[in-house]
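Please find below some notes for a first reading of this structure. They are set out as numbered points, to be followed with the sequence and the model side by side.

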Amino acid sequence: MTVDGTRADLRSPIIHFSYRDLDDVLEKLTRYSRGAAIDANTNGQRSSLARALASGFWSFVKTYFLRQGFRDGRMGLVLAIYNAQTSYYKYLRLWLMQQPVVQAAPSGAQPHSMAPPRQ
C-alpha cells in the first residue's frame with residue numbers, strides 16, 4: 001500500500017465484509033469469471049473442458065490444503081469452493097467462447113453462445 005500523507009496505528013480493527021449475501025457472492029463470481037475469460041481470450045489464451053476441470057480442482061486444493069483454508073472451518077471450505085468455481089467457470093467460459101456458435105438448435109431451442117456481449 002502506498003500512503004501519501006500521515007500514517008498512524010489504528011485503535012480498533014477494520015471490519016470488512018466482501019459480500020452482503022449469497023446473491024452478491026454469485027454475482028461477483030459471474031462478473032469475475034466472465035471478465036477473466038474475456039481478458040484471456042483477448043490475450044490469445046486457449047482452454048478446454050479438461051483445463052476448466054483441472055483448474056477448478058487445483059484452485060480448491062491450493063486454497064483448502066496448501067493455504068490451509070481447512071483451519072477456517074466451514075468458511076474455509078466455502079472459500080475454497082468459491083475459488084474453485086471461479087477458476088472453473090473462467091476456463092469453461094473461455095473454452096465456450098472459442099467454440100463455433102450453433103446456428104440452429106434442435107427442437108426449436110435457442111442456440112447457445114458464451115461469447116462476450118456486444119457493446
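**Notes on helix packing and two residues**

1. In this predicted model, the axes of α1 and helix α3 (residues 73-97) approach within 8 Å and cross at roughly 45°. Angles under 35 degrees count as roughly parallel and 65 to 115 as roughly perpendicular, and α1 and α3 are therefore oblique to each other. The crossing of these two helices, α1 and α3, is right-handed.

2. Which residues form the contact between α1 and α3? On the α1 side they are V25, K28, L29, T30, Y32, S33, R34, A36, A37, I38, A40 and N41. Their partners in α3 are Y82, Q85, T86, Y89, K90, R93, L94 and M97. Sorted by class, the contact of α1 with α3 comprises 11 nonpolar, five polar and four charged residues.

3. S47 is located in the loop that joins α1 (22-42) to α2 (49-66). Is S47 buried or exposed? Its relative accessible area is 13%; S47 counts as buried because this value is under 20%.

4. Leaving aside residues up to four places away in sequence, S47 touches Y91, L94, W95 and Q98.

5. K62 lies in helix α2. With a relative accessible area of 29%, K62 is partly exposed. K62 and A80 are 18 residues apart along the chain, and their C-alpha atoms are separated by 8.2 Å.

Key:
Residues are numbered from 1 along each chain as its sequence is written. This is a predicted model: local features need pLDDT of at least 70, side-chain atom pairs count only at pLDDT 80 or more; totals for chains, interfaces and linings use all residues. Side-chain values use heavy atoms; hydrogens and water are left out. Helices (H or I, at least four residues) and strands (E, at least two) are DSSP runs, numbered from the N terminus. Buried means under 20% relative accessible area, exposed over 50%, partly exposed in between (1.4 Å probe, protein chains only). Contact means heavy atoms within 4.5 Å. Axes are lines fitted to C-alpha atoms, for helices over the stretch in contact, and angles run from 0 to 180 degrees between N-to-C directions. Angles under 35 degrees count as roughly parallel, over 145 as roughly antiparallel, 65 to 115 as roughly perpendicular and the rest as oblique. A crossing is left-handed if the near helix is turned anticlockwise from the far one by less than a right angle, and right-handed if clockwise. Ala, Val, Leu, Ile, Met, Phe, Trp, Tyr, Cys and Pro count as nonpolar, Asp, Glu, Lys and Arg as charged, and the others, Gly among them, as polar.
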